[in-house]
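Work through the exercises below with the model open beside you. Try each task before reading its solution.

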Amino acid sequence: MALSHPITARFPASRPDILQLYSFPTPNGVKVSIMLEETGLDYEPHLVTLADKDVKSEAFTALNPNGKIPAIIDPNGPEGAVELFESGAILIYLAEKTGQFLPEAGAARAEVLAWLMFQMGGLGPMLGQLGFFYKFAGAEIEDPRPRDRYINEAKRLLGVIEGRLEGRDWIAGDYSIADMAIAPWLNALDFYGAKEAVGWAGHPNCIAYLERFMARSAVQRGMKIPKRDG
Ligand SMILES: N[C@@H](CCC(=O)N[C@@H](CS)C(=O)NCC(=O)O)C(=O)O
């Protein structure tokens with residue numbers, strides 16, 4: 001099937017018949033790469049950097065008007081090609097497409113979706129702000145209130161996950177898309193240099209959970225996809 005989407009002008013597909021991934025290896029990006037690796041779906045990754053020239057380009061915003069990675073085009077959707085952005089929506093779509101990592105119905109499915117939404121609406125946005133105010137441009141702001149606010153919120157959220165993981169290997173039943181969404185954000189605390197600030201060492205369940213997640217070979221591959229230049 002030929003791909004006629006405007007994004008192909010900037011990011012040409014060498015195999016337009018398979019799923020196309022437009023992403024960068026950040027926590028939001030690798031969720032989808034990990035899911036693709038876990039399911040074994042055939043796909044072609046394209047590196048879309050976080051520079052405006054890529055992620056805010058006309059070609060990319062034709063696929064995601066919000067100008068953020070990740071996004072996909074699946075030429076083999078249920079009724080033809082599917083264009084999708086928002087990592088949570090992409091994970092649900094891929095789980096339904098493959099019948100993997102999301103229970104089909106009922107309470108078990110609702111529980112996975114609840115923890116996926118917890119990541120999408122809480123953990124991700126809050127830790128993203130922590131990164132900004134702790135490591136990136138916001139770290140230079142003298143007023144301690146924004147930094148403290150996100151450190152305290154990150155600690156609170158870690159406490160929620162720590163409690164939830166008591167007696168559990170995974171966040172909601174079997175290993176699922178909720179884990180693929182949550183664990184990469186826990187891993188980002190290291191990149192932000194914020195582990196000590198949020199008291200990571202005092203969260204043994206989170207530590208064991210992240211180790212369990214990182215031990216998976218699909219996770220190890222997915223964390224590095226798309227491959228960064230150089
Ligand atoms: N809610 C979105 C968030 C995506 C997001 O924040 N992507 C970041 C990278 S982790 C991005 O593309 N940033 C570039 C920018 O904002 O210009 C999702 O989960 O897909």
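**Exercise 1. Find how far apart the C-alpha centres of domain 1 and domain 2 lie, and describe the contact.**

Solution. 
- Start with the bounds, which come from an automatic or database domain assignment. Domain 1 is 7-100 and domain 2 is 106-218.
- Their C-alpha centres lie 23 Å apart.
- Next, count the contact: 12 residues from domain 1 and 10 residues from domain 2. Two residues are in contact if their C-beta atoms, placed from the backbone, lie within 7 Å.
- Now look at the side of domain 1 that touches domain 2. Here α2 and α5 each supply at least two residues, and the largest share, 8 residues, comes from α2. Helices (H or I, at least four residues) and strands (E, at least two) are DSSP runs, numbered from the N terminus.
- Finally, sort that side by class: 7 nonpolar, 2 polar and 3 charged residues. Ala, Val, Leu, Ile, Met, Phe, Trp, Tyr, Cys and Pro count as nonpolar, Asp, Glu, Lys and Arg as charged, and the others, Gly among them, as polar.

Two notes on the model. It is predicted: local features need pLDDT of at least 70, side-chain atom pairs count only at pLDDT 80 or more, and totals for chains, interfaces and linings use all residues. Residues are numbered from 1 along each chain as its sequence is written.

**Exercise 2. Which residues of the largest nonpolar core touch the most other members?**

Solution. 
- Define the core: buried Ala, Val, Leu, Ile, Met, Phe, Trp, Tyr and Cys residues joined through C-beta atoms within 7 Å. Buried means 20 or more other C-beta atoms within 10 Å of the residue's own, exposed means 12 or fewer, and partly exposed is in between.
- The core has 56 residues, and M35, L91, I177, A178 and I182 touch the most other members.
- Among the elements giving two or more residues are β1 (19-23), α2 (27-39) and α8 (177-191). The most come from α8, with 10 residues.
- Zoom in on I182. Beyond four places in sequence, I182 contacts W115, Q119, L123, I161 and I171.

**Exercise 3. At what angle do the axes of α6 and α7 cross?**

Solution. 
- The axes of α6 (residues 106-134) and α7 (residues 145-164) come within 9 Å and cross at roughly 140°.
- List the contact: α6 residues include L123, M126 and L130, and α7 residues include Y150, I151 and L157.
- By class, this contact has 11 nonpolar, 2 polar and 2 charged residues.

**Exercise 4. L63 and P65: buried or exposed?**

Solution. 
- L63 is buried, because 21 other C-beta atoms lie within 10 Å.
- P65 counts as exposed, because it has 9 C-beta neighbours inside 10 Å.
- Beyond four places in sequence, L63 touches H5, I7, Y22, A71, I73, E83 and F85.

**Exercise 5. Where are cis peptide bonds and positive phi values found?**

Solution. 
- Recall that most residues other than glycine have a negative phi, and most peptide bonds are trans.
- A cis bond joins I69 and P70, with omega about 0°. Another cis bond joins I225 and P226, with omega about -5°.
- E86 has a positive phi near 75°. This residue is in the loop between β4 (80-85) and α5.
- F101 has a positive phi of about 65°, in the loop between α5 and α6.

Definitions and conventions
Axes fitted to C-alpha atoms, helices over the stretch in contact; angles between N-to-C directions.
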